[in-house]
Amino acid sequence: MEAARSTEPYRRLYGDGIGTRIEDITDLSRLPIVDRAHLGSFPLESRMAAQPERTIRHSTSGTTGEPIQIVWSEEEDAEQNLFVARQLEAQGIPLDAELYFINVIHSRQLTEVVTANGRHTSVYTPASAASIAEEIRAAGPRVLWAEPSMLMEIAELLGRCPVTAVITDSEVLDPEARRALEATFGVSPLDVYDSYEGGFVSWQCEVRSGYHINADAVIVEVVDDRGRPVPHGEPGDIVVTNLWNLTTPFIRYRTGDGAALLAGPCPCGITLPLMSQVEGRKNDWILTRDGRRLPPLRLALSVIMGDEWVRAARRYRIVQRAVDDFLVQVEWRDGRRDDLVERIAPAYAHTMGHAVNVDVQDVHRVPRAPSGKFRLVESSIDRASGQ
């Protein structure tokens with residue numbers, strides 16, 4: 001708490017209550033809940049409680065259309081690695097197992113792409129599923145860790161490819177994806193709930209009766225729309241308090257995901273508290289001209305352009321109006337950046353495998369979905385006709 005109180009967002013939020021003593025979860029629940037819009041309205045420097053000599057910086061994936069920058073120290077990163085080691089051991093995966101980690105956001109390569117008018121521009125593009133599949137064939141790893149959507153793409157190319165374990169994260173692992181991955185890799189995936197804001201929050205053991213919360217690294221609350229706690233077993237909004245990142249603190253942060261806290265111990269014997277599978281956000285998949293479906297994260301502008309986009313735009317929304325036509329609505333921070341706008345169409349063309357038209361519309365406020373929540377990607381294509 002002391003770290004959070006030293007930062008501008010929390011200092012303004014707490015006001016006269018800045019000196020409140022927090023000793024347990026009851027005291028914590030008296031503090032106001034914060035969201036991405038509040039924290040993202042402050043510059044990164046004003047959100048930092050410390051200035052470590054060696055830091056690690058990331059931007060959130062922007063699945064809400066509101067990516068923000070987050071920093072932690074190398075020492076804090078090492079602490080997170082210890083939680084991963086504990087998780088792997090509990091999942092029956094040897095720490096020396098050959099693990100192949102795939103992540104859409106991290107698997108970037110700087111690529112020269114030709115624009116429609118013959119100009120060249122540089123954009124970040126994720127490694128293709130085909131290239132990753134080839135690497136897996138060559139390396140023969142026993143453990144795969146990746147987003148379900150990426151593994152689904154790879155599975156279609158690999159065919160039957162037995163491994164010791166599959167770990168999934170970053171997206172909702174639905175029953176259809178679980179069955180498909182089990183058919184390809186011969187094992188049922190072990191799912192993880194993680195985020196840059198909360199770190200490694202919870203994970204499935206081999207019993208899969210729930211997700212074990214890393215309660216010594218993060219406090220997880222589940223609340224209703226008004227911020228009131230809901231009973232165990234009842235779904236609500238996830239609110240996290242990060243205990244490991246003292247560089248950019250997150251106190252009672254509403255993640256935008258939904259789940260339930262579960263009562264009782266897990267049959268596996270691990271005493272960490274349990275939560276249900278995260279419901280997450282339902283983003284639309286993107287349809288390509290040749291009938292392929294791409295996960296929405298592949299078109300996220302914070303993925304394509306990284307921190308440069310996060311610094312330039314407050315929020316954005318992508319609408320696929322046809323297989324080769326997109327509308328991108330942007331709330332700029334300090335005026336339109338044409339140099340970034342010019343990079344969107346070639347990046348999308350590279351990812352989708354065919355030319356596309358992109359209209360970028362500057363807006364004062366990106367519209368919300370009827371539910372009141374933001375949808376980063378929407379596809380208005382009729383799946384039956386492809387139009």
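## Helix 7 against helix 8

In this predicted model, the contact between helix 7 and helix 8 is formed on one side by Ala129, Ala130, Ile132, Ala133, Ile136 and Arg137 of helix 7, which meet Met150, Glu153, Ile154, Leu157 and Leu158 of helix 8. Sorted by class, the residues of this contact comprise nine that are nonpolar, none that are polar and two that are charged.

Two packed helices are described by the angle between their axes and by the distance between those axes. Helix 7, which spans residues 129-139, and helix 8, which spans residues 148-158, pack at an angle of about 65°, and their axes lie 9 Å apart. Since angles of 65 to 115 degrees count as roughly perpendicular, helix 7 and helix 8 are therefore described as roughly perpendicular to each other. The crossing in which helix 7 passes helix 8 is right-handed.

## The buried side of helix 7

Which residues of helix 7 are buried? They are Ala129, Ile132, Ala133 and Ile136. Because these residues cover an arc of only 105° around the axis, they are placed on the same side of helix 7.

The elements that cover the buried residues of helix 7 include strand 3 (99-101), strand 6 (143-146) and helix 8. Just after helix 7 comes Gly140, which takes a positive phi of about 60°.

## Helix 8 against helix 9

Helix 8 also packs with helix 9, which consists of residues 175-185, and here the two axes come within 10 Å and cross at roughly 35°. In this case helix 8 passes helix 9 in a left-handed crossing, whereas the crossing of helix 7 with helix 8 is right-handed.

On the side of helix 8, the contact is made by Leu151, Met152, Ala155 and Leu158, while helix 9 contributes Ala177, Ala180, Leu181, Thr184 and Phe185. By class, the residues in the contact of helix 8 with helix 9 are eight nonpolar, one polar and no charged. Leu158 of helix 8 is listed in this contact and is also among the residues that meet helix 7.

## A buried residue in a loop

Ile102 is found in the loop that runs between strand 3 and strand 4 (108-114). Is Ile102 buried or exposed? Its relative accessible area is 2%, and because a residue under 20% counts as buried, Ile102 is buried.

Ile102 and Leu144 are 42 residues apart in sequence, and in space they are 7.7 Å apart, from C-alpha to C-alpha.

Note on methods: Residues are numbered from 1 along each chain as its sequence is written. This is a predicted model: local features need pLDDT of at least 70, side-chain atom pairs count only at pLDDT 80 or more; totals for chains, interfaces and linings use all residues. Side-chain values use heavy atoms; hydrogens and water are left out. Axes are lines fitted to C-alpha atoms, for helices over the stretch in contact, and angles run from 0 to 180 degrees between N-to-C directions. Helices (H or I, at least four residues) and strands (E, at least two) are DSSP runs, numbered from the N terminus. Angles under 35 degrees count as roughly parallel, over 145 as roughly antiparallel, 65 to 115 as roughly perpendicular and the rest as oblique. A crossing is left-handed if the near helix is turned anticlockwise from the far one by less than a right angle, and right-handed if clockwise. Contact means heavy atoms within 4.5 Å. Ala, Val, Leu, Ile, Met, Phe, Trp, Tyr, Cys and Pro count as nonpolar, Asp, Glu, Lys and Arg as charged, and the others, Gly among them, as polar. Buried means under 20% relative accessible area, exposed over 50%, partly exposed in between (1.4 Å probe, protein chains only). The arc is that of the directions from the helix axis to the C-beta atoms.
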